[in-house]
Amino acid sequence: MATIKDIAREAGVSQGTVSNVLNGKGNVSSDKIRLVEETAAKLGYAVNRRAKILRKGVSNTLAVLLPNMCDKRYTDFFSSFKHYAESRHYSASLFLTDDDVEMEKTQLTAIRSEGVAGLAAFTCQPDESAELYITAGFSSDELVFVERNAGSNFHYLGFDYAKAGTTLAQEALAKGYREVVLVTESLSYSCERQFFRSFCAVLEDTTCRVRAVVTDRLHCNNTFLQLLNEGTVINAIFMTSYSLAQAYLNIQKTFFRGRESEIYTLSPLFTMPARDFNKYELNYRLLGKLAAEQLITRRQVPSSPEMLVLENDGLRRWGVSIRSGSSCKRITVLTLDSPTARIMESLSKLYTDATGIEIKIAVSSYDGIYEILKSLSGMSVFDVIRIDHSWLSWFGEKIFLPLDNLDTVLEPTLKTFIPGLIPQYTNVGDVMYALPETPSAQLLFYRRDLFENPALQRLYKEQNKSELTPPKTFEEFNRLARFFTKKYNPLSPVNYGTTLTLGNSGVVATEYLTRYFSHTSDLFSQEGDILIEGAAGLAAIRELVEARQYTPSKHNDWWRETARTFAQGDTAMTIIYSNYASEMLNASSHITNKIGFAVVPGGNPLMGGGTIGICRNSKHPQEALDFIQWVCSEEVTTAMTLMGSVSPCRKTYENYEVLDTYPWLVLSRDCISLSHTNRIPPGLTTHFDERGFLSILGMAVNNAITGTMEPEEAIAFAAQAYRHAFL
């Protein structure tokens, strides 16, 4: 195996230089960095990270002690724990016990010998005892017990198992069950004991009889065979483990067809719908993330032992009740073409299965839907319309039925949304016409691997006297885009610094406004006159014209195309709306696991996405309202987000199956509160034709980009055209 000495000799540099390059230290020139890296690769040198840790005497490893990896709750926990740890430059090691006390002792010895920085443990020690861990030498801050409490002297993370037991027992009463079976794991575990006691307490002195069964993963098949062989009628069976529920269902389907009973189980969170059980869901991915976060945080800031009990997600309902007396057979939806439109088509089949109401989705282009909406007579066939939220001020009163006029309480739905969506995604003036379906924000995406490359970092600093970091202004953005454009920097590993989306006049205007609002928040004066002829407007057009030099010659027509162009791996940066960002991870992507993201330069992103309302001409307005509430519900929007959309619901941003797939979504959510763009003239909160205004602005800006006009001429022309059309 090659050594540092071998690399130094081959490259003709000192061993100190090689060491500095390989460890990311020292003031080494970009030429020498490239030389050492190329030589190391040529000789097949690999860093011995374990040896480095031993030399330092410090471990950046966190351990997880689990009963098994067969149960989805444990795989969810570990995958999220590992993802968070690695995002903070820690590694995660897994140890299994099979809920065997002696195996746990053996594993603790192995964990301690590795000198881990912290341990998250699902202990199988009985009676809330932590003596084994104390003997092994774990301090309070090095350890968090998960789900199974080991006493008040240690940190603990879990859910409200007593509440879960109470809720499911109440469900049994509501369904009128006379005989139920309650299956738990060992009652020596605090979580199982809490659930058992609360479940039985609710049903005590009622007509519902409870039969308690205790089993575990290794013995459950025999337990369930014996139970079903008795021939006793079981109305419903309640379980504290999803893996036990799966085993029971398999036994029931295989050997006892025709003897099916309702199955309720505690379950990890399921983002996509499944019809196997009635699941009371608990967010184990969030639990894993918090466990890793606590261990890392307490390494720097020790704290007194505390118990953290997370909110239960509970019985998340995918089904929809049919409105009494309804004769509706079909709801027709007109929607702007986007990833969400295709996803809605698929998920709407669940709505049809639950209600018998067919959902017909009509998908139209950006320009096509605008033409339809201009003709009110053309909308008579639609019940629900989904539009770009920026069109709400112009079309809202014309096409939508006020939601306050309908016989439904909207407050429970509105409370599920993230802050900042009301009124901009819902209201025209003081009247609510729509619900926010896919609120999104512009984000800056960049090739993280390029920005973190030591040779490129050094080269950029040599050329620009500044650090290679995501840009804070569009002046910095263009400097970086030039650096990464091979035409201007032959050492760039990619051909282009950035992309532009220039499909139609409205899209061109958006590229301009992205830069305009990096300088100011106001597009119009208090008198309603346009302000683009000022310093901010002129700076924005110059920045955009310059950026065109650093893009492929063929522009992208729409943000989906831009995301796919970026995914090809030949561009360093791009700005796209978050509801199109999932396109970067398509099957042919060259940048998966290489994507960095940040707030757009200037810190004042444009908002995008869709809003959904009921057509004024709908013959079934109440059923249409039921549907849009379902489409905007947490269960549906979270599933849509995992499939590539975005969500208005707060709890989606606690779902780490979604966030681990699309890690930029939390930033997208936060950008809603960052955005301060006054795009409508003061006093004209209604009936402002923003689409018409963007057409005027976009045509003028395009003239500057193509060189038909000088930037100053184009801006003056746009301002004059606006005044002629709107003032």
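Biologist: If buried means under 20% relative accessible area, exposed over 50% and partly exposed in between (1.4 Å probe, protein chains only), which of these classes does Glu533 fall into?

Modeller: Glu533 counts as partly exposed, because its relative accessibility is 37%. Please bear in mind that this is a predicted model, in which local features need pLDDT of at least 70 and side-chain atom pairs count only at pLDDT 80 or more, while totals for chains, interfaces and linings use all residues. Residues are numbered from 1 along each chain as its sequence is written, and side-chain values use heavy atoms, with hydrogens and water left out.

Biologist: And what does Glu533 pair with in a salt bridge?

Modeller: Its partner is Arg723, with 2.7 Å from N to O; a salt bridge here is a side-chain nitrogen of Lys or Arg within 4 Å of a carboxyl oxygen of Asp or Glu. The two residues are 190 apart and link distant parts of the chain, since Arg723 sits in helix α28 (residues 711-726) and Glu533 in the loop between α20 and α21 (535-547). Helices (H or I, at least four residues) and strands (E, at least two) are DSSP runs, numbered from the N terminus. Arg723 is also partly exposed, at 28% relative accessibility.

Biologist: How many salt bridges turn up in the whole structure?

Modeller: The search finds 38. Among the residues involved, Asp71, Arg73, Glu147 and Glu185 are linked in a network.

Biologist: What about Glu511, which residue does it bridge to?

Modeller: Glu511 bridges to Arg515, and their closest N and O atoms are 3.0 Å apart. Both belong to helix α20 (residues 505-516), where they are 4 residues apart, about one turn of the helix.

Biologist: Is that pair buried or exposed?

Modeller: Glu511 is buried, because its relative accessible area is 6%, and Arg515 is buried as well, with a value of 1%.

Biologist: Switching to Glu690, where is its partner Arg679?

Modeller: Glu690 and Arg679 form a salt bridge whose closest N and O atoms are 2.6 Å apart. Arg679 lies in the loop between α26 (665-674) and α27, and Glu690 in helix α27 (residues 690-705), so the pair ties together parts that are 11 residues apart in sequence. Both residues are buried.

Biologist: Last one: which residues does Glu171 touch?

Modeller: Leaving aside residues up to four places away in sequence, Glu171 touches Tyr264, Leu315 and Arg317, where contact means heavy atoms within 4.5 Å. Glu171 is part of helix α8 (residues 161-174), and it counts as buried because its relative accessibility is 11%.
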